[in-house]
Amino acid sequence: LVIEGEISDQPQNSQIRISRSTSFTQSGSFNWVANALVNISDDVGNSESLVMQSPGIYSSSTLTGVPGRTYLLKVYCDGKEYTSTCKMPDAVTMDTLFQMTQVANDNTRRFLIPVYDDPVSEINFYRIKVYANSKPVNNIFVRTDRLTNGTKVTQPVGPFFLDLLPGDTAKVVLYSIDKSVYDYFNGLEQALDGNSAAPANPVSNISGGCLGYFSAHSLSERKLHVND
């Protein structure tokens, strides 16, 4: 079983996706699971049973995450229960998003740079998602504040430039995540980087013997129009 779950501090932005795994080398559609019972609750007594909106996609209609609270996911499927707890970090606001362009040997490279103030009082973990013309870029971007704690961060997204063209609309979403979610996506990034002969499954923060993750996160986003 594969469970991929998220609850955020944005309204109607909680969703659990449940499917069955396939071979790493197999392509094609997902094997969605439509017979699960899914519930998300928090540590102050709020609870909601999620409704399946389409095969394998379970969504919340009322539950909005609050930073600082701890969330419990319960999934009951095929006679087994799967659980995960995750604390939602405080939001780190992206102040601005700008583009940096480099030209070398007649090649133009464009970088996206989200700017934010990293809190000095805690260890922070981040996930970044990029959208080009409303379509998600498939790369995985995660970072910590190990070298940037308490500073204004102006680090380009990813280690490499992004394939953006003048006129494109770019959106960057900055997620504040907890360490277990960072560890999952960091492991997934390493498994997919092409340097491993036998990619390993990333460590899940869901108990019960499944793949996937549960993330309670706050987020901040910005958009820009790509120029020359």
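Select helix α1 together with the strands around it: the buried residues of α1 pack against β9 (80-87), β12 (125-132), β14 (141-144), β16 (169-177) and β17 (211-225), contact meaning heavy atoms within 4.5 Å. Those buried residues are V181, Y182, Y184, F185, L188 and A191, where buried denotes under 20% relative accessible area with a 1.4 Å probe, protein chains only. This is a predicted model, in which local features need pLDDT of at least 70, side-chain atom pairs count only at pLDDT 80 or more, and totals for chains, interfaces and linings use all residues. Residues are numbered from 1 along each chain as its sequence is written, and side-chain values use heavy atoms, leaving out hydrogens and water.

Helices (H or I, at least four residues) and strands (E, at least two) are DSSP runs, numbered from the N terminus.

Next, select β5, β4, β8 and β9, which form in that order an open sheet of 4 strands with antiparallel pairing; two strands pair if DSSP finds at least two bridges between them. β5 (47-49) and β9 stand at the edges, each with a single partner strand, so one side of each lacks a neighbour in the sheet. Within this sheet, β8 (residues 70-77) and β9 pair over 8 bridges; highlight T70, whose bridge partner in β9 is K87.

Finally, move to β10-β11-β15, an open, antiparallel sheet of 3 strands. Between β10 and β11 (residues 107-117) there are 10 bridges, and the partner of Q99 in β11 is L112.

Terms used. Buried < 20%, exposed > 50% of the residue type's maximum accessible area, 1.4 Å probe, protein only.
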